[in-house]
Structures are given as structure tokens and as C-alpha cells.
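Subject: A structure for you to look at

Hello,

I am passing on the structure we talked about, and I hope you enjoy looking through it. Please open it first and then read my notes alongside.

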Amino acid sequence: MTRALQQKVHVGCRQLGLDADARRALQLAVTGKHSMKDMDHSELLMLIKRLNSDGFKPSSKGPKKHKAASRPDLRLIHVLWRKLGEAGKLRDPSRAGLNKFIRARFGNTWSSVPADVDMLRQWPQIDAVIQALKGWGARADIDFDWAEHRK
């Protein structure tokens, strides 16, 4: 995921006409770091947000995105995971990272763990994932109160 964000920064800089020196100056101004190799996920997102505010318009082309989960409770899991990622609390904020988290956290207690989060169907399992993510958010001091209204 980090590599994809780095590539997006390069595309944005190219679109805005920034050369390598201007890109590094922007990186230093936004994150305090010269190199994208030294940036974490949240810092790369800050850099992309700045490029967007400067007029970068990402192309709709790119990797195929997953369709939104059909169930609101499953969408809530994705939203909570994304918020943890935006707060810089995840090593892998991707969908694959979420699936790894579910396997690691619940693999020993559930009789079977689905290959993908959107394959969850039993409410007790879905609720267990939601509560685990909300607990993680609480420990990380992230306010998920708004999530109660999205269920």
C-alpha cells in the first residue's frame, strides 16, 4: 500500500509540473522528511492531500477497487479499519491487512475464518470484529462514536 501511495505522489507531482527538487521541498514542508522512504502511511496521505489541494486530480484509472460490502455491518468494519489506518495505527491498512488481522485475532477461537471479511455472515462474528476494532480505536484515542449512527 505504501508503494502505491508513493507512486500516487509521483503522478501528482508530474501532473502539477513539479520536478524532483520541488517534490522534495514539498515533502519537507508537509512532513518534515526529504525522502518518501522515511514516511509512514499517514504522512504519505498528508502529502497526497496537499497535492489534491494544489490541484492534483487523480485519474479514475488504476487498480480495480473492491465493490462496497453489501451489508451495512460489514461496511462498518471497513470504515473502522480505514480510520485506524488514517490515524497511522496499522502496519498494513489494506483489505489484505484487515483479513490478516481477522485471521490472527479470531483464527483460534472461531471454527473457521473466511478468506475475506465480506464473506462473514454470522452476526456474533461480525460483532466481535466490530468490537475489537472499536476497542483498538479506544486504546488509540480515536473517537468512533459516530460509528454507532452508521450501523
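First, some ground rules. This is a predicted model, in which local features need pLDDT of at least 70 and side-chain atom pairs count only at pLDDT 80 or more, while totals for chains, interfaces and linings use all residues. Residues are numbered from 1 along each chain as its sequence is written, and side-chain values use heavy atoms, with hydrogens and water left out.

**The overall fold**

The protein has six helices and zero strands, so that its pattern along the sequence reads α-α-α-α-α-α. Helices (H or I, at least four residues) and strands (E, at least two) are DSSP runs, numbered from the N terminus. Of the 151 residues, 38% are buried; buried means under 20% relative accessible area, exposed over 50%, and partly exposed in between, with a 1.4 Å probe and protein chains only. Taking the contacts (heavy atoms within 4.5 Å) between residues at least 6 apart in sequence, 56% join residues at least 24 apart.

Helix H3 covers residues 41-53. Its 13 residues reach 19 Å from the first C-alpha to the last, close to the 18 Å expected at 1.5 Å a residue; the expected span is 1.5 Å times one less than the number of residues. Buried residues in H3 include His41, Leu44, Leu47, Ile48 and Leu51. The buried residues of H3 pack against helix H1 (2-16), helix H2 (20-31) and H4. After H3 comes Gly55, with a positive phi near 115°.

Helix H6 (123-139) has 17 residues and reaches 24 Å from its first C-alpha to its last, close to the 24 Å expected. Among its buried residues are Ile126, Val129, Ile130 and Leu133, and the buried residues of H6 pack against helix H4 (72-86) and H5. In the segment after H6 lies Asp141, which has a positive phi of about 65° although it is not a glycine. Asp141 counts as exposed because its relative accessible area is 72%.

**A buried aspartate**

Asp118 sits in the loop between helix H5 (95-106) and helix H6. Is Asp118 buried or exposed? Its relative accessibility is 15%, so Asp118 counts as buried. The side chain of Asp118 makes a polar contact with the side chain of His78, at 2.8 Å. A polar contact here is a pair of N or O atoms within 3.5 Å; within protein, one must be able to donate a hydrogen and the other to accept it, and residues adjacent in sequence count only if both atoms are side-chain atoms.

**Aromatic pairs**

How many aromatic pairs does a search of the whole structure find? There are four. Rings of Phe, Tyr and Trp (its six-membered ring) pair if their centres lie within 6.5 Å; planes under 30 degrees apart count as stacked, over 60 as edge-to-face and the rest as tilted. One of the pairs is Phe101 with Trp136, which is tilted, at 5.6 Å centre to centre and 40° between the planes. This pair links distant parts of the chain, with Phe101 in helix H5 and Trp136 in helix H6, 35 residues apart. Phe101 counts as buried because its relative accessibility is 15%, whereas Trp136 is at 24% and therefore counts as partly exposed. Another pair, Phe106 and Trp110, is stacked, at 4.5 Å and 10°, and both of these residues are buried. Ring pairs also link Trp81, Phe101 and Trp136 into a cluster.

**The second largest pocket**

Trp81, Phe101 and Trp136 turn up again in the lining of the second largest pocket, along with residues including Lys89, Leu90 and Arg91. A pocket is an open set of points on a 1 Å grid over the protein atoms alone, where a 1.4 Å probe fits, with protein on both sides within 12 Å along at least five of seven lines; lining residues have an atom within 4 Å of a point. This pocket holds about 170 Å³ of space, the volume being the space filled by probe spheres set on the points, which are joined across faces, edges and corners. H5 gives the most to the lining, with four residues.

Lys89 lies in the loop between H4 and H5 and, with a relative accessible area of 39%, is partly exposed. Not counting residues up to four places away in sequence, Lys89 touches Leu84, Trp136, Ala140 and Ile142.

Best wishes
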